[in-house]
Amino acid sequence: MFDGYLRTVETSQTLLLNEQSRQLETSGTEVFKFGFGQSPFPPLPAAVEALRAHAAAKDYTPVQGLPELRERVAEFHRAAEGIDVGAEQVLIAPGSKLLLYAVMAAFQRADVLIPAPAWVSYAPQAKLLGHAAIRVATDVERRWRVTPAALEQTLAAKADGAVPSVLVLNHPGNPDGLSYSADELQALAIVLRRHRVLVISDEIYGLLNHAGAHVSLARHYPEATIVTGGLSKWCGAGGWRLGIALLPRSLGDSFKHTLLGIASETYSCAPLPVQRAAIAAYQWNAETQDYLAHQRRLLATLGTWCADELRASGLRIHAPEGGFYLFPDFTPHAAALHRAGITSAQQLCARLLGDTGVALLPGDAFGLPSQQLCARLAYVEFDGAAALQASREIGLQR
Ligand code: PLP
């Protein structure tokens, strides 16, 4: 029914992969699920306890989130990342995905600049809202980083310079597992400032930066950076649906008012018991820091080992810096793959899954051309609770 009137939203590749893997498993094949990006770690115990204690809480909360939670979140990000933020600038929502969508929806018209590769949902969200989704090219040689030159070039090629530009930048990155240094962010900020670009800085893996301290773009471009994050990754609680956004003061009241209007007419608020759990999680105390330190140590050890192994087998790959992804480039094996009839990332992933049970997500899901032979590997196929316990018992160096 209603054919010709419906929007075109392609089925996400993650769901397709899910379905293929399920079919294989039903037929008795063992599937190694490196395709899905869910944290392997259990949520912080203090947060689980708080969730239990407040399970019967049933009220709606203020649209912006509980004042106490916003206070905690602001304090947490000031302490952990040195972001200059107060409680009045914090927005709480059922997942950061909705906050990304709300920020894009705040514009009647915008050009949304999205690096290639970048997380799967940015471009569909922009398109659903009728915005242009413009890709900013990156390459493996430059560590999949957006360079000031590429950004400048993309901005210069815009059809209408008067339409606001919104850049979605994500670090540590999904799918690449790489971060930006302070110098790289500083250099990008010069271009962003010159072109008055609003940035949604998706820093949901920031606290899982395991190669060094996470540097927020908000430290270098504070006037127009909206940082997003939440409990899904660092607190292992994606299904709880708790996202946060930190708004710059300089965006002004009308921007915040628009966002709160969108929130109140769509999701109303994040679930109250989950907000209570988040109050327990967003405490920059010894327990939280220890929980994070062990996760980081495990992710660094595993990620570096996986990257070394893949490099040794001839793939092009960078040592990961944060989160739990690797983005191997199979191009060095292109000739052999072509001879085997594999000329696209999708074919590569389908063959890998069919022949070996290894599930990876093809690079075109992240906006790369399909003939580019890259795929995302999420190294989360392990028992996170047991790994955390072992890490504590053997006292891994942090
Ligand atoms: N941004 C990135 C880069 C992600 O990988 C994910 C989840 O996979 C999200 C945002 C969505 O997070 P949330 O669970 O807060 O909606």
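This is a predicted model: local features need pLDDT of at least 70, side-chain atom pairs count only at pLDDT 80 or more; totals for chains, interfaces and linings use all residues.
**View 1. Strand β3 beside strand β4.** Strand β3, which covers residues 111-116, pairs with β4 in the parallel sense over six bridges. Within this pairing, Ile114 has Arg135 of β4 as its bridge partner, and Pro115 stands opposite Val136 in β4. Strands of a sheet pair through backbone hydrogen bonds, in either a parallel or an antiparallel arrangement.

**View 2. Strand β3 beside strand β5.** Strand β5, made of residues 165-170, runs parallel to β3 and is joined to it by three bridges. Asp111 stands opposite Ser165 in β5. How much of β3 is buried? Five of the six residues of β3 are buried, so the strand is largely enclosed by the rest of the structure.

View 3. Seven strands form an open sheet of mixed pairing, in the order β2-β8-β7-β6-β5-β3-β4. The edge strands are β2 (90-93) and β4 (132-137), each of which pairs on one side only. From one strand to the next, the twist averages 25 degrees. Helix α3, residues 67-81, lies across β2 and β8 (243-246), and runs at about 115 degrees to β2.

**View 4. Helix α10 and its neighbours.** Helix α10, residues 286-312, has 27 residues and reaches 38 Å from its first C-alpha to its last, which is close to the 39 Å expected at 1.5 Å a residue. Its buried residues include Tyr291, Leu292, Gln295, Leu298 and Leu299, and the buried residues of α10 pack against β9 (325-326) and α13 (384-394). An α-helix has 3.6 residues a turn, so residues three or four places apart point the same way. Just after α10, Gly314 takes a positive phi of about 100 degrees.

**View 5. The whole chain, for orientation.** The chain has 13 helices and twelve strands, and its C-alpha atoms fill a box of roughly 60 × 60 × 55 Å along the principal axes. A compact globule with 398 residues would have a radius of gyration near 21 Å, and the chain agrees with this because its own value is 21 Å. Buried residues make up 46% of the 398 residues. Of the contacts with a separation of 6 or more, 72% are between residues 24 or more positions apart.

Note on methods. Residues are numbered from 1 along each chain as its sequence is written. Helices (H or I, at least four residues) and strands (E, at least two) are DSSP runs, numbered from the N terminus. The radius of gyration is taken over C-alpha atoms; the globule rule is 2.2 Å times the number of residues to the power 0.38. A residue is buried if 20 or more other C-beta atoms lie within 10 Å of its own, exposed if 12 or fewer, and partly exposed in between; C-beta atoms are placed from the backbone. Two residues are in contact if their C-beta atoms, placed from the backbone, lie within 7 Å. Two strands pair if DSSP finds at least two bridges between them. Axes are lines fitted to C-alpha atoms, for helices over the stretch in contact, and angles run from 0 to 180 degrees between N-to-C directions. The expected span of a helix is 1.5 Å times one less than its number of residues.
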